[in-house]
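Dear colleague,

I am handing over a structure for your records. Please look at the sequence and the model first, and then read the notes below them.

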Amino acid sequence: MYCEVAVGESLFVTKEYAKTLHTPDKFNSFIINEKNDQFDLLINNEEFDIKNFSYIIKDQNRVLPLYEVTFEYDEELERKSKGVFICERCKIYQSVSFCPSERANFCEKCDEEVHCDEFHKRHDRYYFNKVGKKRFIYCLIHPETMVEYFCMDCIIPICTKCKISGNHSELPNSSHGLIRYLEACDKLTKSVKESNNGLQPSMEKIANSIERFKKECFEWKNKISNVRQKIEAQ
């Protein structure tokens with residue numbers, strides 16, 4: 001489930017406090033540390049990572065569901081995907097590249113042998129050490145064919161068989177806008193990075209809140225120490 005959450009003003013508390021009590025007046029959510037007790041971290045001046053902190057929202061009206069994401073698991077496709085990076089020519093060595101023209105993965109040796117003349121050297125080739133392996137997947141409908149396109153209307157990856165004789169070969173799907181799957185991956189990566197940039201002000205606000213709370217804990221610790229010294233001096 002992908003949601004927008006209005007965290008509002010947050011209060012740092014322990015996990016036990018957040019589980020059993022409601023947010024006090026003027027506060028809308030709790031912040032807890034998933035790994036440790038944040039009070040120990042702050043009072044002892046230990047280093048901590050903001051990513052280890054989580055929000056707890058008690059009021060469900062502050063959560064707005066946007067998308068429901070589901071995943072389908074295909075055991076046969078999973079087994080095939082695990083062997084996807086074996087060279088499709090020699091069937092022995094791990095592949096290092098993918099050639100869209102040949103629609104095949106090649107190991108280093110086979111890549112050189114197949115693309116040895118001037119004609120085949122013109123083929124575009126994508127090397128996994130530069131673009132990554134996860135961008136090369138097999139079509140869900142045609143498991144023997146690698147995905148080459150992404151439908152901007154259906155928001156799904158498709159292969160050449162889908163385009164020529166499959167679900168995108170006739171109207172209305174044949175009129176849908178298609179882009180290269182690798183281009184879609186690049187656009188998604190860029191979009192995610194831009195979205196993360198939008199979170200920066202919130203992260204800075206949280207960091208400032210933590211620093212203020214840490215300062216208050218330090219002052220509180222000094223007060224306890226001063227009171228203890230006065231008691232011992234009597």
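This is a predicted model: local features need pLDDT of at least 70, side-chain atom pairs count only at pLDDT 80 or more; totals for chains, interfaces and linings use all residues.

Residues are numbered from 1 along each chain as its sequence is written, and side-chain values use heavy atoms, with hydrogens and water left out.

Helices (H or I, at least four residues) and strands (E, at least two) are DSSP runs, numbered from the N terminus. Two strands pair if DSSP finds at least two bridges between them.

Strand β3 (residues 29-33) pairs with β4 in the antiparallel sense over four bridges, and Phe 30 stands opposite Ile 56 in β4.

Another open sheet, with antiparallel pairing, has the order β10-β9-β11. Its edge strands are β10 (156-158) and β11 (178-180). Between β9 and β10 there are three bridges, and Tyr 149 has Ile 158 in β10 as its bridge partner.

Which residues make up the largest nonpolar core? A nonpolar core is a set of buried Ala, Val, Leu, Ile, Met, Phe, Trp, Tyr and Cys residues joined through side-chain atoms within 4.5 Å; buried means under 20% relative accessible area, exposed over 50%, and partly exposed in between (1.4 Å probe, protein chains only). The core has eleven residues, among them Val 147, Tyr 149, Phe 150, Ile 158 and Tyr 181. The elements that give two or more residues to this core are β9 (149-151) and α7 (181-198), and α7 supplies the largest share, three residues.

Aromatic rings of Phe, Tyr and Trp (its six-membered ring) pair if their centres lie within 6.5 Å; planes under 30 degrees apart count as stacked, over 60 as edge-to-face and the rest as tilted. The count by this rule is two pairs. The ring centres of Tyr 2 and Tyr 67 are 6.0 Å apart and the planes are at 35°, so this pair is tilted. Tyr 17 and Phe 30 form an edge-to-face pair, 5.6 Å centre to centre with 90° between the planes. Tyr 17 is partly exposed, at 30%, whereas Phe 30 is buried, at 0% relative accessibility.

Yours sincerely
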